[in-house]
Amino acid sequence: MNIQALVKSMDEVFKAFLLFWIPVAMVPLGLWYSMSSSNKSTTTNGRFLAFLGLILICASPWTVPSSPSSAAGHLLGAIIGPCMLVLLGIYLISFSGNVPVGKLPRSDRKLGVFMAGSGFVWLAGMHWWVLTPQLAPDEVNPYWFVFWPTFLLLTSCLASCSAVTLLTIGDRRRAESNAMFLVSAVSLIVLLLGLNVDGPLVTGEQFRHHLWLAVADMAGIVVGSLLSILVFALVIYSYERSLPPPKTISPPSDSELDQVSALIESHLGGEEE
Amino acid sequence: MKQTGLAVTWRLIVLAFLLPPLLIIALDITIFGSFKGIDSAESFTRFANATLTAYTLCSLFLLGNLFFYGESRNRPLAPLVGMFFATVLGVLATVFLIGQGSMLLEDNGSVQAQAIYNIVHMFVSSGAIFVAVCVALGVTFSAITSQKPRSDFDLEEE
């Protein structure tokens with residue numbers, strides 16, 4: 001047994017645990033901590049913990065380059081910019097419209113459209129231009145093949161779903177529904193382009209292969225999550241069923257009923273205006 | 001009659017959700033004469049790994065939620081233990097099934113490597129799902145707020 005190799009491997013596992021997995025745990029812990037209390041310092045500390053976790057995850061390709069998991073940190077660092085642009089842009093567009101509270105200036109709408117558009121173009125540039133997340137020259141980050149098809153397909157599906165919901169359940173929402181059909185169509189066209197037009201590092205065949213893996217992935221997530229919710233419901237149901245029935249009180253007596261009737265009668269009626 | 005209308009609405013919504021992938025399949029069959037690009041063995045492996053990982057991680061999340069459930073019910077131990085065993089079952093099933101051979105092993109050499117890959121893969125997929133949901137909800141909201149405000153008189157006139 002090569003003890004030196006084992007020690008080295010243990011060392012790398014420990015480094016990955018310390019510099020990747022602990023920061024990963026810091027993000028939900030920090031968010032939970034910030035939301036669990038109304039105290040301002042607790043909220044700030046929680047947010048700082050989550051932010052520090054995010055920074056350490058993004059830095060993992062440099063801090064633990066030997067760990068394959070650090071590729072996820074690399075992807076996070078690559079997509080956080082365009083995703084924030086898209087989400088902030090949508091936020092600006094939404095709150096510069098007709099909202100009763102938290103209304104932003106009308107000029108923020110143009111800025112929002114520009115931000116959301118440039119964020120989307122940036123993401124598209126990662127497929128068809130030189131912006132593709134690469135772990136080494138000409139080596140595409142494998143998690144990019146997970147993120148991009150999942151995002152495009154689900155956006156198209158959800159936008160189409162939202163458009164039909166606005167049409168069928170909403171009241172006079174045809175214009176909004178058309179906007180959502182447009183978003184769905186744009187996502188679908190980008191998806192179809194990805195299937196047929198090669199980028200400098202990502203071919204259509206690769207994209208097609210990973211698209212159906214993304215479908216399998218999403219189906220698996222839905223099935224697994226539903227199973228766990230079912231088990232959760234069963235655990236609660238079996239516990240509640242095992243509890244003794246709550247104590248019942250005796251029905252009201254005749255005198256109590258008479259008293260209630262008298263009380264109600266004294267409050268009924270009223271004068272005409 | 002009202003129930004039938006509701007059922008039709010739900011079916012339409014579900015169909016709208018499935019429309020984009022169905023369109024891609026239809027275009028593939030129309031243009032290429034077959035449905036290409038899918039490797040059923042690899043897709044099944046991914047589906048099974050995603051199912052096991054989602055079950056385990058979601059159970060772990062729900063186990064955490066049981067603490068809050070317990071808070072309002074004098075902290076009963078039984079549901080906590082039940083959910084703990086359900087989570088452990090997920091971990092054991094994942095380890096056992098991955099250890100059965102190449103069926104659930106993707107490009108990884110060991111059970112530990114595959115399990116860690118599954119968790120990281122789930123984080124990336126969840127991130128993509130989160131961004132897509134935010135985009136769809138955000139655009140729906142912005143489409144609604146970009147319209148002229150409706151007055152109560154409009155509704156009364158109808």
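Biologist: What makes the pattern of chain B α-α-α-α-α?

Modeller: Chain B has five helices and zero strands, where helices (H or I, at least four residues) and strands (E, at least two) are DSSP runs numbered from the N terminus. Read along the sequence, that gives α-α-α-α-α. This is a predicted model, in which local features need pLDDT of at least 70 and side-chain atom pairs count only at pLDDT 80 or more, while totals for chains, interfaces and linings use all residues. Residues are numbered from 1 along each chain as its sequence is written, chains are lettered from A and ligands numbered from 1 in the order in which they are written, and side-chain values use heavy atoms, with hydrogens and water left out.

Biologist: How do you know that the span of helix H3 of chain B agrees with its 21 residues?

Modeller: The expected span is 1.5 Å times one less than the number of residues. For residues 78-98 that should be 30 Å, and the end C-alpha atoms are 30 Å apart, so the two agree.

Biologist: Which residues of H3(B) are buried, and what puts them on the same side?

Modeller: Buried means under 20% relative accessible area, exposed over 50%, and partly exposed in between (1.4 Å probe, protein chains only). In H3(B), the buried residues are B:Pro79, B:Met83, B:Ala86, B:Thr87, B:Gly90, B:Thr94 and B:Ile98. They cover an arc of only 95° around the axis, so they lie on the same side of H3(B); the arc is taken from the directions from the helix axis to the C-beta atoms. The face turned away from that buried side carries exposed B:Phe85, B:Leu89, B:Leu92 and B:Phe96.

Biologist: What makes A:Arg208 and B:Asp28 a salt bridge?

Modeller: The rule asks for a side-chain nitrogen of Lys or Arg within 4 Å of a carboxyl oxygen of Asp or Glu. Here the closest N and O atoms are 2.6 Å apart, and the pair therefore meets the rule. Across the interface of chain A and chain B, the rule finds two salt bridges.

Biologist: How many residues are in contact across the two chains?

Modeller: With contact meaning heavy atoms within 4.5 Å, 77 residues of chain A touch 74 residues of chain B.
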